[in-house]
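Subject: Structure handover

Hello,

Here is the structure you are taking over. My notes on one strand and its surroundings follow.

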Amino acid sequence: MSGLVVLDTSYGDILVEQRAAAPLSVGVTDARRGGDLGTAEGVLVQYATIGAEQMDAHPTWRVIGRYGVGVDTIDLAAAGERGIAVVNVPDYCQEEVATHAVALILAANRRLTGGDRLVRDGHWPQWSRLRPVVPLSEQTLGLIGIGRIGAEVIRLAGPFFREVVAHDPAVTAAAGARMVDLPELLARADVVSLHCPLRAETRHILDERAFRLMKDGVTVVNVSRGGLIDSAALAAALGSGKVTAAGLDVLEDEPPGPDDPLLRAPNTVVTPHFAWYSETAEVRLRGLLAERCAAYLRGREVPSIVNATTLKATT
């Protein structure tokens, strides 16, 4: 068998992965350059969708490694049923994503993109068109999801706000925030920031009904997964003024088509799903994923097997 095979990445070569797996005597090859998926023990993927059909076509696979945190492109149930571990790297980019979220919050509050556009359009004296601007010290920050990144956002952004509230069914307490149920968070928060995984129960967690529960003039920030928000509902809320501003690093459809309503929505900043990125984070992600998948193949303990419970049930 041929160890690990990189199926797809945007990173170019696979030298980082090879160096990380070498101490465990696991080879890493590149499917884009002749690596054999048919004999691989494991596969590393960034964008590819891996379902039951792909798994059944490659019966030698024992581990699937996903470059990143989210694993919504991999059928976890199918992997568990086939005894295939799914490994991610949830601990490689907390600083980067949290900083990006805070940057979007600050840009929205201080109307940075609107102010820049006024100047470039020759309207320097018309800054009053950027009103209203409410100090963050008079506002409440609401976080949906308190994992590593959510906790880091609280640490970085909390001092700016009058109050921080959070909702996460898996968390009973969080430093720097008061835990509340989702309806209370939606009703109290002036800024709603999403930091939860995309699952069946969280898809469109912000939909038309959720926007109706929010204050008028709320700001929405999403650096997690585009499917957490109903794009059409958010675009409508931005158009009506219910939502004053949105900062989005992720969209339901990526890349977006030219008719995506959020590209035409007012007071919206969209970045190309790169909140995770720094040169340091990229190297960390690639190395940790290859190292952890290689460790799994060698029977070592791995800290981030996403479907560990399902695997135990099938072994």
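Two strands count as paired if DSSP finds at least two bridges between them. The model is predicted, and my notes centre on strand E6 (residues 140–144).

In E9, Leu143 has Ser193 as its bridge partner. Four bridges join E6 to E9 (residues 191–194), and the two strands run parallel. E6 is also joined by five bridges to strand E7 (residues 163–167), again in parallel. Gly142 sits opposite Val165 of E7. From E6 the chain passes through helix H6 (residues 148–157) to E7, a right-handed β-α-β crossover.

Five of the five residues in E6 are buried. Side chains in a regular strand alternate between the two faces of the sheet. Here both faces are covered: Thr140, Gly142 and Ile144 are buried on one side, Leu141 and Leu143 on the other.

The largest nonpolar core has 53 residues, and those touching the most other members are Leu4, Val63, Leu141, Leu143, Val153 and Phe161. Elements giving two or more residues to this core include E6, H6, E7 and helix H11 (279–297). H11 gives the most, with 10 residues. The core takes at least three residues from each of domain 1 (3–92 + 278–298) and domain 2 (94–270).

Leaving out residues up to four places away in sequence, Phe161 touches Ile105, Leu136, Ser137, Gln139, Thr140, Leu141 and Val191.

Regards

Conventions:
Residues numbered from 1 in each chain as written. Predicted model: local features only at pLDDT ≥ 70, side-chain atom pairs only at ≥ 80, totals over all residues. Heavy atoms only, no water. Buried < 20%, exposed > 50% of the residue type's maximum accessible area, 1.4 Å probe, protein only. Right-handed = clockwise from strand over helix to strand, strands pointing away. Core = buried A, V, L, I, M, F, W, Y, C linked by side-chain atoms within 4.5 Å. Domains from an automatic or database assignment. Contact = heavy atoms within 4.5 Å.
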